[in-house]
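Colleague: I would like to learn how to read a two-chain model. Where shall we begin?

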Protein chains: 2
Amino acid sequence: MQNRKLVVIGGDAAGMSAASKVRREHPDREIVVFERGRHTSYAACGMPYYIAGMIDSAEPLIARRPEVFREKQQIDVRIRHEVVGIDLAGKRVQVSDLDRGERFWEAWDELLIATGAAPLVPDLPNVHAENVFSLSTLQSGIDVFEDMRRHPPRTAVIAGGGYVGIEMAEALVARGVEVSLIDMAAQVMTTMDPDMTAGIVDTMRAAGVSVFLEERLERLDIGADGRVCSLSTDKRRLDADLVILGLGIRPNSDLARDAGIDLGESGAIRVNRRMQTSAADVWAAGDCAESFHLVKERPAFIALGTVANKHGLVAGINLSGGRQEFPGVLGTAITRFQDLEIARTGLSESETRDLGIAYRTKTVDALTRSHFFPGAGKVKVKLVVEDSSGRLLGGQIVGANGAGKRIDALAAAISARMTAEQLVYLDLAYAPPFSPVWDPVQTAARTLV
Amino acid sequence: MQNRKLVVIGGDAAGMSAASKVRREHPDREIVVFERGRHTSYAACGMPYYIAGMIDSAEPLIARRPEVFREKQQIDVRIRHEVVGIDLAGKRVQVSDLDRGERFWEAWDELLIATGAAPLVPDLPNVHAENVFSLSTLQSGIDVFEDMRRHPPRTAVIAGGGYVGIEMAEALVARGVEVSLIDMAAQVMTTMDPDMTAGIVDTMRAAGVSVFLEERLERLDIGADGRVCSLSTDKRRLDADLVILGLGIRPNSDLARDAGIDLGESGAIRVNRRMQTSAADVWAAGDCAESFHLVKERPAFIALGTVANKHGLVAGINLSGGRQEFPGVLGTAITRFQDLEIARTGLSESETRDLGIAYRTKTVDALTRSHFFPGAGKVKVKLVVEDSSGRLLGGQIVGANGAGKRIDALAAAISARMTAEQLVYLDLAYAPPFSPVWDPVQTAARTLV
């Protein structure tokens with residue numbers, strides 16, 4: 001094991017977590033990481049706050065630089081190196097050195113694919129103009145920041161009302177930009193239910209964001225300088241000095257597929273709970289790989305930093321000769337728009353319905369603190385339970401300061417397959433600055449017992 | 001069932017929760033509540049914040065007034081009525097009408113004892129002087145507030161560094177009082193371990209509170225006006241225009257004991273999981289009753305508002321002919337000193353040691369948010385696991401804004417008998433404003449796998 005050369009494709013969360021774990025266990029093993037970008041191990045989720053000006057530079061978003069991996073951990077990280085092919089039979093990868101324009105083959109005994117995910121970009125003319133951005137790599141965030149410095153925008157249009165869209169709306173409002181957000185769906189945050197997202201739209205509008213739902217991006221118009229100056233939906237034309245695309249992502253699984261490695265139905269790489277792919281000695285982790293969904297009880301494509309880090313740790317333990325299984329995911333996620341906290345875990349009502357599960361659901365309004373305590377803010381909690389058993393299937397929370405991280409207690413309860421009744425009697429913490437005597441998640445659970 | 005007359009002794013959280021539940025189920029049933037004080041259903045935990053001046057008056061602390069129970073719910077609440085005896089054989093209670101100075105007997109078919117707990121007061125001369133207070137009933141909080149209005153204190157001494165002591169220290173500092181806090185123990189917050197409480201003492205001292213540990217209150221000196229003016233410990237003399245006793249509480253179980261109802265080892269009333277006492281048709285709920293401790297797997301005396309409300313709900317369901325069990329408690333609690341949040345659940349290290357359980361423990365320092373995110377604050381998390389199984393036994397958290405309510409995820413995990421490893425892989429929520437990518441509780445868990 002210790003003499004087996006490990007090659008990792010992709011130097012972000014999953015790849016570098018795994019590589020670091022292997023290094024801790026095997027101080028002398030050869031570990032080579034190929035990363036096609038310039039950066040390793042960065043907090044992509046921090047980019048909107050960097051663009052907002054809340055963080056001085058992009059530097060702090062980088063958890064660990066390539067040279068630190070090389071010098072401190074003896075991990076041979078090669079940036080600007082793109083793996084362009086996997087030869088399973090020959091146990092080697094073909095690598096393109098992007099700076100030198102050369103290709104070469106690198107042998108491996110074990111291979112970890114951690115190629116991440118890529119933003120969906122619509123097939124429209126001018127979508128690659130210099131002021132149209134998707135947020136994915138750290139470089140893409142830096143590019144937005146630099147473009148705003150060189151061409152301070154008066155107006156911006158965000159296409160897509162998911163996490164990226166909502167966080168970028170906050171960021172651009174903070175920079176004084178006049179922001180429009182469009183989404184094809186009748187709601188923002190389609191991982192949640194419409195009754196929970198209506199308040200998000202209200203809050204965004206109150207902050208000056210023009211939100212246009214059920215509108216599709218149809219055309220991008222460029223000016224003489226080659227930059228987009230306006231865009232059109234099926235219903236209106238909007239000025240746009242800056243365009244942000246937050247239309248979702250797809251797993252970077254083509255490389256694996258082309259090598260004959262199985263993909264799952266989601267299009268991400270199929271893995272078992274040890275993060276092994278269908279090919280011997282080939283592992284996958286992070287946004288390019290599927291996870292087992294603990295409530296759906298089937299594989300799912302959930303591309304989030306937390307999951308990528310766990311994937312990487314599990315792969316790293318197994319690559320070091322250990323035995324670790326990744327139990328799975330609930331799709332827990334949290335974000336905010338300004339002071340409004342937004343979180344979800346497990347199944348939404350619409351997911352539950354789509355799965356054909358008989359369910360009950362309730363949405364309650366509560367307060368984040370005791371009603372008499374200064375700063376007590378509104379919070380809305382929605383729970384979905386299986387009708388027959390009362391088992392918790394999912395939860396959604398939207399509310400004031402302190403609301404969002406309450407999702408963690410729900411995530412733990414759902415993981416443990418608790419019922420709403422068990423949640424009611426959980427010994428959660430109460431003091432007036434922190435909660436009403438019945439925590440809002442319990443108030444919601446009480447309506448479902 | 002519907003014709004059985006219910007008498008409740010005690011009109012606070014447990015008693016009124018139960019009475020309200022019975023009323024919802026049985027609109028016509030006779031329900032009489034005897035409350036020896038003037039107030040019903042109040043948030044005793046809010047008193048320090050009322051005294052601090054953060055809440056305009058004591059009014060908002062009252063969830064529901066006696067006349068509202070009488071008029072809206074047809075619950076016959078009689079304040080200033082103290083039950084002085086229980087006749088089990090005759091199924092009646094003897095009641096003292098405190099305003100009229102009369103005694104009478106009231107018959108019951110079912111009896112709920114919800115007499116709460118009382119502060120421990122040391123047997124010292126002058127301990128009942130007019131400026132020496134324990135905080136227990138709402139009236140006691142009002143009394144402190146009124147005394148401070150009439151005799152604005154320059155100095156105050158708080159005896160006892162538990163929840164009351166720490167919250168009152170915050171309150172009195174906020175009012176500009178020079179505060180000293182003494183405790184017999186070598187630490188504050190003895191429900192937690194010393195390595196977790198050292199930082200609390202540092203924070204209190206930095207805020208100007210003089211904290212004297214391993215010192216015992218020995219003497220209270222009064223002036224010509226009959227008010228305490230100073231007090232002495234075994235080590236020093238301290239000026240005191242106001243004295244707050246926060247020396248712990250004992251269950252108000254004498255009435256039950258005198259009637260021949262079994263008490264537990266803790267001195268609180270022994271109940272089964274349906275909240276039935278050893279006597280037929282007699283139930284108990286709230287601070288006067290024991291709870292089953294889910295980790296200790298034995299009865300415990302845990303007097304907290306959350307538990308009292310749950311006791312009351314369970315008793316109310318059962319008194320209405322339903323079948324509900326109260327699974328038990330973890331001793332989850334939360335408080336703060338100014339911006340420092342303090343929380344605990346399950347077993348502390350010292351409790352674990354005292355129980356003779358072989359354990360492992362780790363304390364980690366982490367951040368409440370991503371390191372690059374503005375407002376990321378320090379948080380210390382301590383976990384205790386069973387050595388053989390890795391099962392989580394307890395957790396403690398001390399840290400900045402957002403730290404404390406993380407205890408709920410631990411409480412849920414401990415209730416579900418999860419291991420540290422299961423906690424590592426729980427799908428908890430991450431975004432830079434809310435958490436590092438590994439939540440601090442998971443960072444702690446990773447050191448114990």
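**Helix packing and burial in a predicted model**

Modeller: Start with a helix pair. Helix α10 (residues 407-415) of chain A packs on helix α10 (residues 407-415) of chain B at about 10 degrees, and their axes lie 8 Å apart. That makes α10(A) roughly parallel to α10(B). This is a predicted model: local features need pLDDT of at least 70, side-chain atom pairs count only at pLDDT 80 or more, and totals for chains, interfaces and linings use all residues. Residues are numbered from 1 along each chain as its sequence is written, chains are lettered from A and ligands numbered from 1 in the order in which they are written, and side-chain values use heavy atoms, with hydrogens and water left out.

Colleague: How are helices, axes and angle classes defined?

Modeller: Helices (H or I, at least four residues) and strands (E, at least two) are DSSP runs, numbered from the N terminus. Axes are lines fitted to C-alpha atoms, for helices over the stretch in contact, and angles run from 0 to 180 degrees between N-to-C directions. Under 35 degrees is roughly parallel, over 145 roughly antiparallel, 65 to 115 roughly perpendicular, and the rest oblique.

Colleague: Which residues of α10(A) and α10(B) meet?

Modeller: Contact means heavy atoms within 4.5 Å. A:D408, A:A409, A:A412 and A:A413 meet B:D408, B:A409, B:A412 and B:A413.

Colleague: What rotation superposes chain A on chain B?

Modeller: Copies are superposed by least squares on C-alpha atoms of residues with pLDDT of at least 70 in both. Here the rotation is 180 degrees, with 0.0 Å of shift along its axis and an RMSD of 0.0 Å. The two copies are thus related as by a two-fold rotation axis. In chain A, the C-alpha of A:A409 is nearest that axis, at 2.1 Å. As for the interface, 100% of the interface residues of chain A are also interface residues in chain B, so the copies meet through the same surface.

Colleague: Is B:T352 buried or exposed?

Modeller: Buried means under 20% relative accessible area, exposed over 50%, partly exposed in between (1.4 Å probe, protein chains only). B:T352 has 0% relative accessibility, so it counts as buried. It lies in helix α9 (residues 349-354) of chain B. Beyond neighbours within four places in sequence, B:T352 contacts B:L347, B:I357, B:Y359, B:V384 and B:L393.

Colleague: Where does B:W283 lie?

Modeller: B:W283 is in strand β18 (residues 282-284) of chain B. At 4% relative accessibility, B:W283 is buried. Outside four places in sequence, its contacts include B:E110, B:R274 and B:N318.
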